[in-house]
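Thanks for coming. I will go through one model, helix contacts and sheet included, and then a few local details.

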Amino acid sequence: MRILCVHGDGQDREIYQSDLAPLLSKLRNLITEASFDFIDGLSHQHSDPLAKDVRLQELHQNTLSGTGEVEEIRKAGERLAKKLDRDGPYDGVLAFSRGAALVSSFLLYRQWYDHELPPAFKFAIFISGNIPLKSLRDLGVPASKEAEDVVTQAKLRYEEGLGPLPAHATKARRAVFNSDDCFGLNLNRIPLELKIRIPTVHIWGEEDPLLPTSIQLAGFCDPYIRKIFTHPGRHEIPCEEKELTEISSLIEWCIQRASWPGQTLL
């Protein structure tokens with residue numbers, strides 16, 4: 001059981017591994033055969049120390065920021081594909097923040113343009129994740145001005161060190177189940193081929209100003225094989241014992257669900 005771990009902004013492999021240590025300790029007790037591969041710059045540092053892939057933090061800043069160009073986002077996906085070809089296969093992926101933005105974009109592009117290929121991962125765990133609206137538009141998904149405004153407002157609150165916009169916090173629970181209006185996205189107008197169709201777990205903080213973007217990502221994942229966990233924190237990896245126990249159980253479910261007969265054929 002091999003799981004690829006992709007970090008977010010302001011992290012590197014060592015920091016992400018440290019931040020995830022309490023959760024991974026729980027997971028190793030539940031899934032003894034699991035191994036976790038932490039990367040910097042989409043290169044396997046252990047087996048390929050001279051790899052010349054760009055560093056992941058630089059990649060995020062240049063391609064997955066609010067002003068990132070679609071071409072660069074797609075190039076990021078190409079780098080990830082090379083990583084998988086070189087060091088894979090991986091059973092699952094565990095991505096945080098903008099690492100989740102990279103992974104979610106990659107999964108949708110691959111599913112749409114390379115549908116003859118098997119899924120890159122059997123399951124995905126997104127912590128404080130999001131999916132870039134630029135990627136969605138590039139795939140032909142209608143993203144309204146309301147959706148754009150929500151993302152802009154959420155990012156501004158994050159940059160200012162504030163909690164979620166009160167209107168966003170009020171709408172959050174309803175938006176999770178409202179396929180007509182998931183923070184400006186009408187999920188009913190999106191074909192199944194443009195939904196992430198592997199088992200997923202989504203984790204975000206109730207005080208995270210970016211929670212609307214995490215909910216948008218959850219909306220693009222098959223609701224029948226999706227689990228959601230919210231914690232009282234902000235844009236962070238949970239570390240409280242009770243939270244970790246619940247999250248570990250959800251991840252265990254996700255791994256087991258991914259092994260169901262026929263899942264890889266969806």
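I start with helix H3 (residues 70-87) and helix H4 (residues 98-113), whose axes come within 9 Å and cross at roughly 85°. Axes here are lines fitted to C-alpha atoms, for helices over the stretch in contact, with angles from 0 to 180 degrees between N-to-C directions. Helices (H or I, at least four residues) and strands (E, at least two) are DSSP runs, numbered from the N terminus.

On the H3 side the contact (heavy atoms within 4.5 Å) is made by Val70, Ile73, Arg74, Ala76, Gly77, Leu80, Ala81 and Leu84, and on the H4 side by Leu102, Ser105, Phe106, Tyr109 and Tyr113. By class, the contact of H3 with H4 has ten nonpolar residues, two polar and one charged. For the classes, Ala, Val, Leu, Ile, Met, Phe, Trp, Tyr, Cys and Pro count as nonpolar, Asp, Glu, Lys and Arg as charged, and the others, Gly among them, as polar.

Before going on, the conventions. This is a predicted model, where local features need pLDDT of at least 70 and side-chain atom pairs count only at pLDDT 80 or more, while totals for chains, interfaces and linings use all residues. Residues are numbered from 1 along each chain as its sequence is written, and side-chain values use heavy atoms, with hydrogens and water left out.

Next, helix H1 (residues 13-30) packs on helix H9 (residues 241-258) at an angle of about 50°, with the axes 9 Å apart. That makes H1 oblique to H9. H1 contributes Pro22, Leu23, Lys26, Leu27 and Leu30 to the contact, and the H9 residues include Leu244, Ile247 and Ile251. Seven nonpolar, three polar and three charged residues make up the contact of H1 with H9.

A further pair is helix H6 (residues 145-159) and helix H7 (residues 166-177): the axes come within 11 Å and cross at roughly 120°. That makes H6 oblique to H7. The crossing of H6 and H7 is left-handed. Glu146, Val150, Gln153, Ala154 and Arg157 of H6 meet Pro166, His168 and Lys171 of H7. The contact of H6 with H7 divides into three nonpolar, two polar and three charged residues.

Now the sheet. Six strands form an open sheet in the order E2-E1-E3-E4-E5-E6, with parallel pairing; two strands pair if DSSP finds at least two bridges between them. At the edges are strand E2 (35-38) and strand E6 (226-231), each pairing on one side only. Neighbouring strands of this sheet are turned by 15° against each other on average, direction ignored. Strand E1 (residues 2-6) pairs with strand E3 (residues 92-96) in the parallel sense over four bridges, and leucine 4 stands opposite valine 93 in E3.

How many aromatic pairs does a search of the whole structure find? It finds three, where rings of Phe, Tyr and Trp (its six-membered ring) pair if their centres lie within 6.5 Å, and planes under 30 degrees apart count as stacked, over 60 as edge-to-face and the rest as tilted. One of them is the stacked pair of tyrosine 16 and phenylalanine 96, 6.5 Å centre to centre with 25° between the planes. Tyrosine 16 is in helix H1 and phenylalanine 96 in strand E3, 80 residues apart.

Last, the backbone. A cis peptide bond, omega about 5°, joins glycine 88 and proline 89, and proline 89 is in the loop between H3 and E3. Serine 97, in the loop between E3 and H4, has a positive phi of about 55° although it is not a glycine.

Key:
Angles under 35 degrees count as roughly parallel, over 145 as roughly antiparallel, 65 to 115 as roughly perpendicular and the rest as oblique. A crossing is left-handed if the near helix is turned anticlockwise from the far one by less than a right angle, and right-handed if clockwise.
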